[in-house]
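I am opening a notebook on this structure. The entries below record what I looked up and what I found.

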Amino acid sequence: MSIWWSLHLRREAASVPLARRLLLGTMETAGVDPDVSYDLSVALSEACANAVEHGGDTAPDGTCEAYRVTAYLDGEKCHIEVADSGPGFTAPHRAPRPAATEAEHGRGLCLIEQLADHVQIGNKPGRSGAVVSFDKILKWREDAPLVAV
């Protein structure tokens, strides 16, 4: 079983729950374990929120540049990538330091790294923009209609 989708979204706060709901709906339909689906949806929300906040400039007419979300459920793994057109990371990415518990910002990349099995964070090759991608091994419900064989 293989499912993939890609969204081109405006950098607006309303795009974050849209991407999250699409991922959750896809996983529920496929029969992915709800705990795994929840972890991936939180990680996706954090990556999208970072793209909305840091992913580019606002045009003079007030419109925002877009960012892209791509998700693959392939066999026993889910791969998600969020790419924006912002300035990217200024230095090679190192494991993020945990933010203070009461902090309202700075925890997203740490959460992604805790919730996913494999995380890659960097810049788009040859262009401006950041790319956050992560994988997680899937677990399936017992009644999963699309379980991988």
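**Entry 1: the chain as a whole**

In what order do the elements of the protein chain run from the N terminus on? I read the order as β-α-α-β-β-α-β-β. That gives three helices and five strands in the protein chain. I note here that the model is predicted.

I then looked up some totals. The protein chain has 149 residues, and 40% of them count as buried. Its accessible surface comes to about 8600 Å², and carbon and sulfur atoms hold 53% of that. I also looked at contacts between residues at least 6 apart in sequence: 65% of these join residues at least 24 apart.

**Entry 2: strand pairing**

I went through the strands by their partners. β1 and β2 run antiparallel and are joined by nine bridges. In this pair I found Trp-5 opposite Ala-71 of β2.

Next I took β2 (residues 66-74) and β3 (residues 77-83), which pair in the antiparallel sense over seven bridges. Two positions I noted are Thr-70, opposite Glu-81 in β3, and Arg-68, opposite Ala-83 in β3. How many residues lie between β2 and β3 in their hairpin? I found two, and Gly-75 in this turn has a positive phi of about 65 degrees.

β3 has a further partner: it pairs with strand β5 (residues 130-137) in the antiparallel sense, over seven bridges. Here Val-82 has Val-132 of β5 as its bridge partner.

**Entry 3: helix α1**

I checked the length of α1 (residues 15-30). Its 16 residues, at 1.5 Å a residue, should span 22 Å, and the C-alpha atoms at its ends are 23 Å apart, so the two agree.

Which residues of α1 are buried? My list is Ser-15, Val-16, Ala-19, Leu-23, Thr-26, Met-27 and Ala-30. They lie on the same side of α1, because they cover an arc of only 115 degrees around the axis. On the other side of α1, I found Arg-21, Glu-28 and Thr-29 exposed.

I then asked what covers the buried residues of α1. The cover includes β1 (2-10), α2 (34-54), β2 and β3. After α1 comes Gly-31, with a positive phi near 100 degrees.

**Entry 4: Leu-44**

I picked out Leu-44, which has its place in helix α2. Is Leu-44 buried or exposed? Its relative accessible area is 1%, under the 20% cut-off, so Leu-44 is buried.

Setting aside neighbours within four places in sequence, I find Leu-44 in contact with Ala-19, Arg-20, Leu-23, Val-69, Ile-80, Val-82 and Phe-134. For one of these, Leu-23, I looked up the separation from Leu-44: 21 residues in sequence, and 8.6 Å in space from C-alpha to C-alpha.

**Entry 5: the largest nonpolar core**

Nonpolar side chains tend to be buried together in soluble globular proteins. I therefore looked up the largest nonpolar core, and it has 35 residues. Which of its residues touch the most other members? They are Leu-40, Leu-44, Tyr-67, Ile-80, Val-82, Phe-134 and Leu-138. At least two residues of this core come from each of β1, α1, α2, β2, β3, α3 (108-115) and β5. α2 gives the most, with nine residues.

Not counting residues up to four places away in sequence, Phe-134 touches Leu-40, Ala-43, Leu-44, Ala-47, Cys-78, His-79, Ile-80, Ile-112, Ala-116, His-118 and Val-119.

**Entry 6: Ser-133**

Last, I looked up Ser-133, which is found in strand β5. Ser-133 is buried, since its relative accessible area of 5% is under 20%. What does Ser-133 touch, not counting residues up to four places away in sequence? I noted His-79, Ile-80, Glu-81, His-118, Val-119 and Gln-120.

I put one general point beside this entry: in a regular strand the side chains alternate between the two faces of the sheet.

Methods: Residues numbered from 1 in each chain as written. Predicted model: local features only at pLDDT ≥ 70, side-chain atom pairs only at ≥ 80, totals over all residues. Heavy atoms only, no water. Pairing = 2+ DSSP bridges. Helix = DSSP H or I, 4+ residues; strand = E, 2+ residues; numbered from the N terminus. Buried < 20%, exposed > 50% of the residue type's maximum accessible area, 1.4 Å probe, protein only. Contact = heavy atoms within 4.5 Å. Areas by Shrake-Rupley, 256 points an atom, 1.4 Å probe, with all protein chains shown as cover. Expected span 1.5 Å × (residues − 1). Arc of directions from axis to C-beta. Core = buried A, V, L, I, M, F, W, Y, C linked by side-chain atoms within 4.5 Å.
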